[in-house]
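Please consult the sequence and the structure shown below while reading.

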Amino acid sequence: CFQEFARASFADKKKREDFVCRVLECSHCSQDRYGFLAFEMLLILCELYDPDCLTRQNFQDVVDISQKERMRKAFEYLNYALYQTNIVSTHHKFIHFCRLRIFFLIKNVHKQNQKYCSCCSSDFERLKNEMIEDFDIGSILNNIEKHQAAIYFSRRNYEKFQVSIIQYPQLNILRYGVVGKYAQSLYDAFSASLKSDVGNDPPYHY
């Protein structure tokens, strides 16, 4: 059973050093696992990190630092699980909205727990993670045709990159994604304005 395999991988300390506990790669042929199979195993990992992840009414009431860290990891697994279903599902827009909500929850947990968060061990790591999150949020906003919001996030990410790369040249690895996503958001907004039937006053002037 793949669910039991996910539980066993989670229990293995060495495998748990990997973000997804190595459940997305076949141990026999090294082929990657995608779709609903990956979704099921990632959902198990999410529940193992935080059993109340899907039912908690108010996560801001959680004050324990280690619990907040487990919540963050659970949200990340849940986001990745939904990304897997988006590959094969026809309910793309609903999945995009769910992932968007999860990203903002992750950001909120980061903000509350930044000092102790394992993925923010340095200012460089914190900036890198913020930029990757904003990149993904910009992509989702583009996919659900929220063009103005997508431009806002992508532009803000680009401006943050321009300032931060002076102090952290290592961020150059993100250049292609950050600049490309900003350009893509502008292009998509322009394409939407050409298709607009508003007349001579299209909603996007880019």
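H92 is partly exposed, with a relative accessible area of 35%; partly exposed lies between buried, under 20% relative accessible area, and exposed, over 50%, with a 1.4 Å probe and protein chains only. This residue belongs to helix α5, which covers residues 92–113. Between H92 and L82 there are 10 residues in sequence and 9.9 Å in space, C-alpha to C-alpha.

The model is predicted: local features need pLDDT of at least 70, side-chain atom pairs count only at pLDDT 80 or more, and totals for chains, interfaces and linings use all residues. Residues are numbered from 1 along each chain as its sequence is written, and side-chain values use heavy atoms, with hydrogens and water left out.

**Fold and cores**

The protein has 8 helices and 0 strands, where helices (H or I, at least four residues) and strands (E, at least two) are DSSP runs numbered from the N terminus. Of its 206 residues, 43% count as buried. Among contacts (heavy atoms within 4.5 Å) with a separation of 6 or more, 60% involve residues 24 or more positions apart.

A nonpolar core is a set of buried Ala, Val, Leu, Ile, Met, Phe, Trp, Tyr and Cys residues joined through side-chain atoms within 4.5 Å. The largest such core has 26 residues, of which V23, L42, L45, F75 and Y77 touch the most other members. Two or more residues of this core come from each of α1 (2–11), α3 (35–49), α4 (65–88) and α5. A second, separate core holds 9 residues, including F124, L127, L174 and V178.

Two packed helices are described by the angle between their axes and the distance between the axes. Here axes are lines fitted to C-alpha atoms, for helices over the stretch in contact, and angles run from 0 to 180 degrees between N-to-C directions.

| Helix pair | Axis distance | Angle |
|---|---|---|
| α6 (residues 123–143) and α7 | within 8 Å | roughly 160° |
| α7 (residues 147–167) and α8 (residues 175–195) | within 9 Å | roughly 155° |
| α6 and α8 | 10 Å | about 20° |

Angles under 35 degrees count as roughly parallel, over 145 as roughly antiparallel, 65 to 115 as roughly perpendicular and the rest as oblique. By its angle, α7 is roughly antiparallel to α8. The crossing of α7 and α8 is left-handed, a term for a near helix turned anticlockwise from the far one by less than a right angle, clockwise being right-handed. Residues of α7 that meet α8 include Y158, F161 and I165, and their partners in α8 include V178, Y182 and L186. This contact of α7 with α8 has 11 nonpolar, 4 polar and 4 charged residues; Ala, Val, Leu, Ile, Met, Phe, Trp, Tyr, Cys and Pro count as nonpolar, Asp, Glu, Lys and Arg as charged, and the others, Gly among them, as polar.

The crossing of α6 and α7 is also left-handed. In this contact, α6 contributes residues including L127, M131 and F135, and α7 contributes residues including A150, F153 and F161. By class, the contact of α6 with α7 divides into 9 nonpolar, 6 polar and 4 charged residues.

For the remaining pair, α6 and α8 are roughly parallel to each other. F135, G138, S139 and N142 in α6 meet G177, V178, K181, Q184, S185 and D188 in α8. The residues of this contact comprise 2 nonpolar, 6 polar and 2 charged.

**The loop between α6 and α7**

E145 lies in the loop between α6 and α7. Although not a glycine, E145 has a positive phi of about 65°. With 54% relative accessibility, E145 counts as exposed.
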